[in-house]
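Hello,

My notes on it follow.

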Amino acid sequence: VSTQSTGREEREMELENKQLRQQVQQLTSKLGEMNRQTAGFLWKRRPVLIGSDWRQRWFELSGTELRHRRSEADPKVRRCVDVRGCVVSPPEASKNGRFYVLRVTHPEAGEVYQISSESLITARHWKRMLDHAAGSGPRGKVGVPPKKETKKFDPFLYRAAKRMHRDSVPSLLSSESSSQNYRGMINLMILVIIAMNLSCLLYTSPSPRDS
């Protein structure tokens with residue numbers, strides 16, 4: 001009887017251990033999803049000429065992509081960067097001590113984000129998540145526009161431009177022209193004579209006082 005009871009207890013313990021392992025795996029997977037996806041409101045610094053302009057934006061960190069929207073319900077993503085290879089500074093207190101600032105810097109593109117939170121715990125959480133995302137995988141091209149491939153000029157792909165004139169033609173007023181034409185000069189002289197006559201008529205017309 002004691003042997004049977006001992007065997008039954010062992011089977012029960014094995015079943016309990018199996019259930020505990022399954023629960024641990026489920027919790028681990030949920031924590032992994034929470035670590036991969038972090039979202040919330042943060043303050044984003046916008047570069048201006050004088051001073052600084054901070055706006056509250058909705059940030060999302062999914063995998064290695066950090067993006068922000070104007071609000072949680074905004075369907076348009078305002079910016080999305082790949083934080084792989086970036087360096088995230090520790091939370092620094094602002095001058096008034098109200099905010100804790102994080103700087104996300106890329107070694108090639110420079111500073112790509114400057115965000116802050118009113119809670120030190122929230123700032124440290126984002127720092128930890130960003131560090132985890134920045135160290136996963138090779139370095140990403142953050143804020144660096146892709147280089148356009150310059151095509152080499154191939155003379156066989158482009159036809160030669162047509163000439164504007166097949167042969168050089170001398171001016172009609174030139175002595176080298178076979179048929180000289182003075183029509184343009186004659187028209188100009190007629191216009192000058194008409195203008196001179198009009199000016200004479202205006203100056204010689206009697207004024208109202210004389211009448």
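R103 is partly exposed, with a relative accessible area of 28%; the classes are buried under 20%, exposed over 50% and partly exposed in between (1.4 Å probe, protein chains only). This is a predicted model, in which local features need pLDDT of at least 70 and side-chain atom pairs count only at pLDDT 80 or more, while totals for chains, interfaces and linings use all residues. Residues are numbered from 1 along each chain as its sequence is written, and side-chain values use heavy atoms, with hydrogens and water left out.

R103 forms a salt bridge with E92 (2.9 Å, N to O), where the term means a side-chain nitrogen of Lys or Arg within 4 Å of a carboxyl oxygen of Asp or Glu. Because E92 lies in strand 6 and R103 in strand 7, the pair ties together parts that are eleven residues apart in sequence. E92 is partly exposed too, at 39%.

Strands here are DSSP runs of E with at least two residues, numbered from the N terminus, and two of them pair if DSSP finds at least two bridges between them. Strand 6 (residues 92–93) runs antiparallel to strand 7, joined by two bridges; A93 has Y100 as its bridge partner. Strand 7 also pairs with strand 8 (residues 110–117) in the antiparallel sense, over seven bridges. Three residues separate these two strands in a hairpin.

The whole structure holds eleven salt bridges. One of them links R78 and D74 (3.1 Å, N to O); D74 is buried at 12%, whereas R78 is partly exposed at 34%.

Regards

Note on methods:
Helix = DSSP H or I, 4+ residues; strand = E, 2+ residues; numbered from the N terminus.
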